[in-house]
Amino acid sequence: MEDTERSMKLLQVTLGLDFTPVLPRTNGKGGNPQPSTETMKKIKKYVPKDLWLYEYAKRLFQARWNYFMGSNCTYVSPELPPLPNF
């Protein structure tokens with residue numbers, strides 16, 4: 001999971017919890033290896049819709065984070081990323 005610390009804090013605020021939830025780690029043998037540049041090129045070629053959705057999800061998370069943590073007094077919807085060529 002990406003940005004686990006902020007995700008758990010946002011979950012705490014959203015659910016009105018008195019504590020920050022902890023996500024158990026099931027793989028304690030190390031981090032996630034990063035894909036090679038060549039692999040990323042192939043992924044970008046074959047999954048433009050997924051990449052668009054991922055980019056929008058990151059923007060949406062950041063907008064929610066800003067709102068719940070008081071950076072913005074009102075919720076500001078994120079801009080949609082440019083649509084991919086299909």
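The side chains of Gln12 and Thr20 are joined by a polar contact of 2.6 Å. A polar contact here is a pair of N or O atoms within 3.5 Å; within protein, one must be able to donate a hydrogen and the other to accept it, and residues adjacent in sequence count only if both atoms are side-chain atoms. The model is predicted: local features need pLDDT of at least 70, side-chain atom pairs count only at pLDDT 80 or more, and totals for chains, interfaces and linings use all residues. Residues are numbered from 1 along each chain as its sequence is written, and side-chain values use heavy atoms, with hydrogens and water left out.

- Gln12 is found in helix 1; helices (H or I, at least four residues) and strands (E, at least two) are DSSP runs, numbered from the N terminus.
- Gln12 counts as buried because its relative accessibility is 10%; buried means under 20% relative accessible area, exposed over 50%, and partly exposed in between (1.4 Å probe, protein chains only).
- Leaving aside neighbours within four places in sequence, Gln12 is in contact (heavy atoms within 4.5 Å) with Leu17, Asp18, Phe19, Thr20 and Pro21.
- Pro21 lies in the loop between helix 1 and helix 2 (37-46).
- With a relative accessibility of 16%, Pro21 also counts as buried.
- Apart from neighbours within four places in sequence, Pro21 is in contact with Met8, Leu11 and Gln12.
- Pro21 and Ser7 are 14 residues apart along the chain, and their C-alpha atoms are separated by 9.5 Å.

**Helix 1 and helix 3**

- Helix 1 (4-15) has 12 residues, which at 1.5 Å a residue should span 16 Å; its end C-alpha atoms are 16 Å apart, so the two values agree.
- The expected span of a helix is 1.5 Å times one less than its number of residues.
- Helix 3 (48-68) has 21 residues and reaches 30 Å from its first C-alpha to its last, close to the 30 Å expected at 1.5 Å a residue.
- Ser7, Met8, Leu10 and Gln12 are buried in helix 1, and the buried residues of this helix pack against helix 3.
- Phe61, Ala63 and Trp65 are buried in helix 3, and the buried residues of that helix pack against helix 1.
- Gly16 follows helix 1 and has a positive phi, near 65°.
- Gly70 follows helix 3, and its phi is positive, near 85°.

**Met69**

- Met69 is in the segment after helix 3.
- Met69 counts as partly exposed because its relative accessibility is 31%.
- Not counting residues up to four places away in sequence, Met69 touches Lys9 and Val13.
- Met69 and Leu10 are 59 residues apart along the chain, while their C-alpha atoms are separated by 8.3 Å.

**Asp3**

- Asp3 is in the segment before helix 1.
- At 32% relative accessibility, Asp3 counts as partly exposed.
- A polar contact of 2.7 Å joins the side chains of Asp3 and Arg6.
- The C-alpha atoms of Asp3 and Met40, which are 37 residues apart along the chain, are separated by 20 Å.

**The second largest pocket**

- The volume of the second largest pocket is about 210 Å³; a volume is the space filled by probe spheres set on grid points, which are joined across faces, edges and corners.
- On a 1 Å grid over the protein atoms alone, a pocket is an open set of points where a 1.4 Å probe fits, with protein on both sides within 12 Å along at least five of seven lines; lining residues have an atom within 4 Å of a point.
- The lining has 10 residues, of which Glu2, Asp3, Ala57, Lys58 and Phe61 lie nearest the centre of the pocket.
- Helix 1 and helix 3 are the elements that give two or more residues to this lining.
- Helix 3 gives the most to the lining, with 5 residues.
- The lining residues divide into 4 nonpolar, 2 polar and 4 charged; Ala, Val, Leu, Ile, Met, Phe, Trp, Tyr, Cys and Pro count as nonpolar, Asp, Glu, Lys and Arg as charged, and the others, Gly among them, as polar.
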